[in-house]
Amino acid sequence: MEYQYKKQLSTKRCFQFVCVIFFLNRIISTNIFGDNSVLNSVYVSISKLLSLYYVIKYFYFYTQKRGILIRDFKCILAVVLYFFVILISTFNNDGNVRRILMTAYPIIGTICFIDIESRHYGREIVLAFFLFFNVILCWNFADMVLVRKVLKTGATELLIGGRNQLAIFLSICFASTLAYIELNSLKKGYTQKYVFIKLIILMSAIFSGSATSIFGILAIYILYIFNFTTAKSKILKPAIIALAYSVFWFSLIVFRMQYLASDLIVNTLHKDLTLSHRTIIWDKALEMISDKPILGYGMSDSVNIFTVNHDYTGKNNNVWTTLSGHNQILQILYYGGIVLLLAFVFLYFVSCASERRKNHLFYIYFLSVIAVLIVWMTEVPSEYAMFTMLGMCFYSERFEGKKYNIS
């Protein structure tokens with residue numbers, strides 16, 4: 001057999017993988033170290049070494065393996081293609097090549113890590129994701145409720161990056177918990193401790209005060225509660241999700257559908273039709289993208305590349321601000337144009353191909369992909385979470401194996 005799991009779960013291996021997730025992946029913000037340059041340097045150095053280790057291990061395995069099938073490494077090829085397109089675009093525009101490498105290496109290292117270790121320790125990877133993200137979840141929730149009183153700067157900004165990005169982290173917690181429950185043979189997870197975790201996830205989204213986080217988490221809860229996370233479901237098909245997302249993207253970003261409900265938004269909800277000045281940034285981004293639609297501008301020194309003037313303080317001030325595109329698809333189009341967007345679409349469908357959807361865990365991890373897409377509509381939270389969860393979808397068939405008890 002290709003995947004030979006040991007009968008006993010390796011607790012030691014689980015904790016090793018927790019350390020790998022912490023150092024290798026960037027879903028959790030490195031702001032946790034504050035301004036301590038020494039700790040930040042140590043963290044980055046360990047991250048680079050781990051990435052190099054797993055890339056070497058990945059190449060060693062595939063050079064030794066006989067009868068290599070392209071289905072085995074399509075995911076990593078798609079990821080490399082994505083960053084290669086950005087690299088070409090950045091070279092053409094004299095951009096910041098180092099920033100591409102700093103973004104790419106943890107992602108490539110993470111995909112190599114999942115590929116190599118899931119061949120014999122797929123169950124341990126599932127448990128490591130569960131442990132790591134739920135520890136951070138509890139830390140963040142305790143800070144929100146007991147320390148920072150929800151809306152002040154606290155663990156949410158230090159660990160995750162901000163209130164709107166919280167949905168990404170919470171969705172990964174949710175998916176990791178469901179995956180743990182599935183492999184632990186618990187009936188839908190309706191035991192006290194797992195209901196408690198699900199409640200913490202939901203309350204964290206509500207306490208964040210972020211409409212993006214609330215909507216993102218409610219969306220995947222609804223999909224789960226109504227049992228759409230099955231192979232028979234016609235709603236949770238990747239092509240259907242992609243089509244629905246494209247329609248919604250054009251409706252919001254290009255055609256501004258919120259203006260159809262202007263009376264409700266302005267007079268009843270007392271909100272700004274610019275969605276906290278986002279529509280102004282989108283207009284600026286679309287204008288710049290239209291000048292270089294094919295290969296874009298490449299990566300610059302910062303994500304803060306769109307300059308707008310708008311009073312979003314509620315006063316009569318002329319506020320100048322430079323911000324990201326506040327939409328990841330716009331950011332992708334800016335970096336690499338239509339070519340880069342097509343590279344991402346290719347990665348999406350490679351990771352979600354029909355041959356990958358023959359197990360229940362795929363649909364569980366795919367919930368987090370949907371949540372990331374929702375956050376992408378109004379934020380630019382980078383590619384780390386998306387690429388990691390697409391990787392988990394791609395390799396999900398390796399995680400199930402035979403039912404076993406890991407409690």
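N227 is partly exposed, with a relative accessible area of 42%; partly exposed is the range between buried, under 20%, and exposed, over 50%, using a 1.4 Å probe and protein chains only. The residue sits in the loop between α8 (211–225) and α9 (238–254), where helices are DSSP runs of H or I with at least four residues, numbered from the N terminus. Phi of N227 is near 60°, a positive value in a residue other than glycine.

The model is predicted, and local features need pLDDT of at least 70, while side-chain atom pairs count only at pLDDT 80 or more and totals for chains, interfaces and linings use all residues. Residues are numbered from 1 along each chain as its sequence is written, and side-chain values use heavy atoms, without hydrogens and water.

R256 also has a positive phi, about 55°, although it is not a glycine. Its loop is the one between α9 and α10 (262–268). R256 is buried, with a relative accessible area of 12%.

Helix α3 (residues 70–92) packs against helix α14 (residues 384–394) at an angle of about 165°, with the axes 10 Å apart. Axes are lines fitted to C-alpha atoms over the stretch in contact, and angles run from 0 to 180 degrees between N-to-C directions. The angle therefore makes α3 roughly antiparallel to α14, a term for angles over 145 degrees. From α3, the contact (heavy atoms within 4.5 Å) is made by R71, D72, K74, C75, V79, Y82 and F83; α14 supplies F387, G391 and F394.

How values were computed: Helices (H or I, at least four residues) and strands (E, at least two) are DSSP runs, numbered from the N terminus. Angles under 35 degrees count as roughly parallel, over 145 as roughly antiparallel, 65 to 115 as roughly perpendicular and the rest as oblique.
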